Amino acid sequence: MPDIWKYIRKENLPHIWCAGCGHGIVMGAVIRAIDRAGLDQDKTVVVSGIGCSSRAPGYLDFNTLHTTHGRALAFATGIKLARPELNVVVITGDGDLAAIGGNHFIHACRRNIGITTVCFNNSIYGMTSGQYSPMTPKQKLASTAPYGNIDRAFDLCELAKASGATYVARSTTYHTTMLINQVTKGLKRQGFSFIEALSQCPTYYGRRNRLGAGAAMMEWYRDNALTAQAYTKIAPEERGEKFVIGDLYAADEPEYTQEYQKIIDRLAGGGAAG
Ligand code: SF4
Ligand code: MG
């Protein structure tokens, strides 16, 4: 069992999260994965944007940066380019990453820069009291969709894969062992790793959609998450709200800062820039 308290800034507790919120579970999974991957605490940087999940770095005793809305990946890209030897982790929410930060997300994937990104997806803007996000499923209720959301939600994992990420996985707060394994794998890989962690928001998403308290929302994850193999065995018209968890994609492609270093080395050796 890792001593997780060595990674926590106890002086910043208590945390701001509501009772039953999933974000503490996901943050705990990130801590355990960092410990399991054997990362040096002083050479690890955790960067976040804005939102409930983005408060996590305030509780974590690494080099941490709480940045502006949607821009965590832009700051993280700068850090990784300046200091490629550091382990860079981004903690972000579904609104932060998929809406205002969407362009940073697809380009970080495209570059395959060595950043591990964990999206705490609670299907809503929690911090600003429950507006629908690009990850709110169709027909669900939100403060800005009182008659039901008519937008289609992104499949963030498909978006990451199509944009060039080289490790893509999804899990939930119910499937914590899987989640820890996925974040550990992401941290150990060279390129851009994306892990989507479904995390319940009982206060806004759950209450408005009558999904029950935090534990009931986790039971919903338990009952609706399937492996890709099980999912394909169900007829499309019978899939309803079921969704796929597990390792979804992995590939070996050149990592961005290593490619950048090759140019530096070539120029230092008197080679041509082109
Ligand atoms: Fe968690 Fe939702 Fe409360 Fe934010 S508003 S802390 S996401 S339960
Ligand atoms: Mg959210």
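In the predicted model, the shell around ligand 1 is made up, by class, of 7 nonpolar and 4 polar residues, with no charged residues. The residues in question are W17, C18, C21, H23, C52, N122, G126, C201, P202, T203 and Y204. Helix α7, which spans residues 202-208, supplies the largest share of this shell, namely 3 residues.

A nonpolar patch was identified on the surface. This patch is formed by I16, I50 and M127, which together have about 230 Å² of accessible area. I16 is placed in the segment before α1 (23-36). The relative accessibility of I16 is 39%, and this residue therefore counts as partly exposed, since the partly exposed class lies between the buried class, under 20%, and the exposed class, over 50%.

Aromatic contacts were examined next. A pair of aromatic rings is described by the distance of the centres and the angle of the planes. The count of aromatic pairs in the model comes to 6. One of these is formed by F105 and F194, whose rings are tilted, with 5.0 Å from centre to centre and 55° between the planes. Because F105 belongs to helix α4 (residues 102-111) and F194 to strand β6 (residues 193-198), the pair ties together parts that are 89 residues apart in sequence. F105 has a relative accessibility of 1% and so counts as buried; F194, at 0%, likewise counts as buried.

A further pair consists of W220 and F243, and its geometry is stacked: the centres are 5.9 Å apart and the angle between the planes is 20°. Here W220 is located in helix α8 (residues 214-224) and F243 in strand β8 (residues 243-244), so that the pair ties together parts 23 residues apart in sequence. W220 has a relative accessible area of 30% and is therefore partly exposed, whereas F243, with a relative accessibility of 13%, counts as buried.

Beyond the individual pairs, one aromatic cluster is formed by F105, F192 and F194.

Key. Residues numbered from 1 in each chain as written. Chains lettered and ligands numbered in written order. Predicted model: local features only at pLDDT ≥ 70, side-chain atom pairs only at ≥ 80, totals over all residues. Heavy atoms only, no water. Patch = residues over 30% accessible without salt bridge, like charges linked within 9 Å, V, L, I, M, F, W, Y side chains within 5 Å. Areas by Shrake-Rupley, 256 points an atom, 1.4 Å probe, with all protein chains shown as cover. Salt bridge = Lys/Arg side-chain N within 4 Å of Asp/Glu carboxyl O. Helix = DSSP H or I, 4+ residues; strand = E, 2+ residues; numbered from the N terminus. Buried < 20%, exposed > 50% of the residue type's maximum accessible area, 1.4 Å probe, protein only. Near = heavy atom within 4 Å. Nonpolar A, V, L, I, M, F, W, Y, C, P; charged D, E, K, R; others polar. Phe/Tyr/Trp six-rings, centres within 6.5 Å; stacked < 30°, edge-to-face > 60°.
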